[in-house]
Amino acid sequence: MTSNLFIKSDEFAKYLISIIDLPLFDSSPRLLLSNVLCSISLEHWHACRDILQSNMLISGVVIHRAQFEALLRAIWILYAASDEQLRKLDVALTIVTEQGAKNLPQVNDMMNSLQKTAPQNAYEALNRFKDSSWKALNSYVHSGIHPIKRHSEGYPSILIENIVRNANGLAVMSAMHMAILTGMQPLQKEILSLASEYPNCMPQPLSQT
């Protein structure tokens, strides 16, 4: 199953990218920055699949967490970031601006803001992923019990498969957000329709959509 999952996921990725390869609705800093963060999240998605296919579970999971964080910040930028917070990221990279950007909200703060300002379906999808995965992802990043046990005892194929499916699910969320950034929200139906053609590549909630 694992090798076929990677093949089908790569096929899905090709079609997904083709759907969202469109210009943005406008060139405002907020849309541009949100789009850059979505692009980063998708880059992490591709890297995560490549790394997992090489059977490097721990490194793949670390990238998977980065995939989620980039998507979360993309959505936060659009719906919740203040103009001042936006300016901290939309500047030339210097030692001074690097320090200023360190004071931006972290994951829990962004989630709390989005609960009040983001569309409900976007917040619920992010929160569902965070509730089910965040503690384990942090364990992998900080060399906790999860990576120690997996590295010493071996990597179950079902675990690798589930991470690939979750990464694909986050990619669908990124694509849905990018559809909003183009101003062509009907594209979201096309994205969900594509995902429905690859049920074995999707996490359970998406395969039931």
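Reply: What follows describes the first helix and then turns to the salt bridges.

The model is a predicted one, in which local features need pLDDT of at least 70 and side-chain atom pairs count only at pLDDT 80 or more, while totals for chains, interfaces and linings use all residues. Residues are numbered from 1 along each chain as its sequence is written, and side-chain values use heavy atoms, with hydrogens and water left out.

Helix α1 has 19 residues and spans 27 Å from its first C-alpha to its last, close to the 27 Å expected at 1.5 Å a residue (the expected span is 1.5 Å times one less than the number of residues; helices are DSSP runs of H or I with at least four residues, numbered from the N terminus). Leu5, Phe6, Ser9, Phe12, Ala13, Leu16, Ile19 and Ile20 of α1 are buried, where buried means under 20% relative accessible area, exposed over 50% and partly exposed in between, with a 1.4 Å probe and protein chains only. Seen down the axis of α1, these buried residues fall within an arc of 135°, so they line one face of the helix; the arc is that of the directions from the helix axis to the C-beta atoms. That face packs against α2, α9 (157-182) and α10 (187-196), contact being heavy atoms within 4.5 Å. On the other side of α1, Ser3, Ile7, Lys14 and Ser18 are exposed.

The side chains of aspartate 10 and arginine 49 form a salt bridge at 2.9 Å, N to O, the term meaning a side-chain nitrogen of Lys or Arg within 4 Å of a carboxyl oxygen of Asp or Glu. This pair links distant parts of the chain, with aspartate 10 in α1 (residues 2-20) and arginine 49 in α2 (residues 29-53), 39 residues apart. Arginine 49 is buried at 5% relative accessibility, whereas aspartate 10 is partly exposed at 33%.

A search of the whole structure finds 5 salt bridges. Arginine 30 is buried at 17% relative accessibility.

Conventions: Helix = DSSP H or I, 4+ residues; strand = E, 2+ residues; numbered from the N terminus.
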